[in-house]
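Please keep the sequence and the structure in view while reading.

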Amino acid sequence: MKRILLTLFLLTHSSFAFADGRENLSFYVGACVSYVVPGSFTFNGYDLEGTPFGQFIGVDLNRGQMFYGLEYNRLQPHCDYYDNYGGPCGSNNDLGIYDEGSTWNSYMDLADIKLRVGRNFERGKAYFIAGGSIGRYDWDGSDYGASGYLFGAGFEYELFKNFSAGVEFIARSIAIEGEADRSQVNTLQARALYRF
């Protein structure tokens, strides 16, 4: 994760050094809903499902037709089945990302840190994504650390001044603490955002 942040820092500062008069920083915030794509599975082979709601915050450096961005995306609310029964993840934890055969086996506090590189269009952005995911996994009432890497692609379209909508597909490979096998957590995310 430190390498990712250092890379973005160097990229941003080197871009400023070669300023051509067409650069600016654009900050944004937004909300999202993710749909777990079929084929996603836990480290022990069980299928995953869910449609969590989340929030994100980010910054883009626009340099001519290209842009480089950094984003933090909180993918879902705190989804502890035992502590929040009937809470932000629903009475059966069905608003989080969970094992379809056992709703109490689920991800908690899952978040993405994403680097975005892409092209600006007149009213839109198309981009590739790389980064990491962090969070926890609740397995029968015990919490385990969860972390991994991600990659994907997205598109954003400006609906009207400062307001945009977009979609992202992200594939994640996540390791659960103490387990040799990895989870595959793939999502299709619908996004709404406001740019400052």
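Which residues do ring pairs link into a cluster? The cluster consists of F43, Y107, Y137, W139 and Y144. Here rings of Phe, Tyr and Trp (its six-membered ring) pair if their centres lie within 6.5 Å; planes under 30 degrees apart count as stacked, over 60 as edge-to-face and the rest as tilted. The model is a predicted one, in which local features need pLDDT of at least 70 and side-chain atom pairs count only at pLDDT 80 or more, while totals for chains, interfaces and linings use all residues. Residues are numbered from 1 along each chain as its sequence is written, and side-chain values use heavy atoms, with hydrogens and water left out.

The overall architecture comprises 1 helix and 10 strands, where helices (H or I, at least four residues) and strands (E, at least two) are DSSP runs, numbered from the N terminus. In order from the N terminus, the elements run α-β-β-β-β-β-β-β-β-β-β. The protein has 196 residues, of which 45% count as buried; buried means under 20% relative accessible area, exposed over 50%, and partly exposed in between (1.4 Å probe, protein chains only). A contact requires heavy atoms within 4.5 Å. Among contacts between residues at least 6 apart in sequence, 62% join residues at least 24 apart.

Y194 and F196 form an edge-to-face pair, because their ring centres are 5.1 Å apart and their planes stand at 80°. Y194 is partly exposed at 28% relative accessibility, whereas F196 is exposed at 61%.

Charged groups also meet aromatic rings. A charge sits over a ring if NZ of Lys or CZ of Arg is within 6 Å of the ring centre and within 35 degrees of the ring normal. The charged end of K125 is placed in this way over the ring of F67, 4.2 Å from its centre, and that of R191 over the ring of F56, 3.9 Å from its centre.

K125 returns in the largest pocket, where E122, R123, K125, E158 and R195 lie nearest the centre among 16 lining residues. A pocket is an open set of points, on a 1 Å grid over the protein atoms alone, where a 1.4 Å probe fits, with protein on both sides within 12 Å along at least five of seven lines; lining residues have an atom within 4 Å of a point. Strands β7 (124-139), β8 (142-160) and β9 (163-176) each give two or more residues to the lining of the largest pocket. This lining divides into 3 nonpolar, 6 polar and 7 charged residues, with Asp, Glu, Lys and Arg counted as charged, Ala, Val, Leu, Ile, Met, Phe, Trp, Tyr, Cys and Pro as nonpolar, and the others, Gly among them, as polar.

Three individual residues complete the account. Q65, in the loop between β3 (53-63) and β4 (66-74), is partly exposed, with a relative accessible area of 48%. Not counting residues up to four places away in sequence, Q65 touches G118, R119 and N120. D109 lies in strand β6 (residues 102-120) and has a positive phi of about 55° although it is not a glycine. N162, in the loop between β8 and β9, is another residue other than glycine with a positive phi, near 75°. D109 is partly exposed at 27% relative accessible area, and N162 is partly exposed at 25%.
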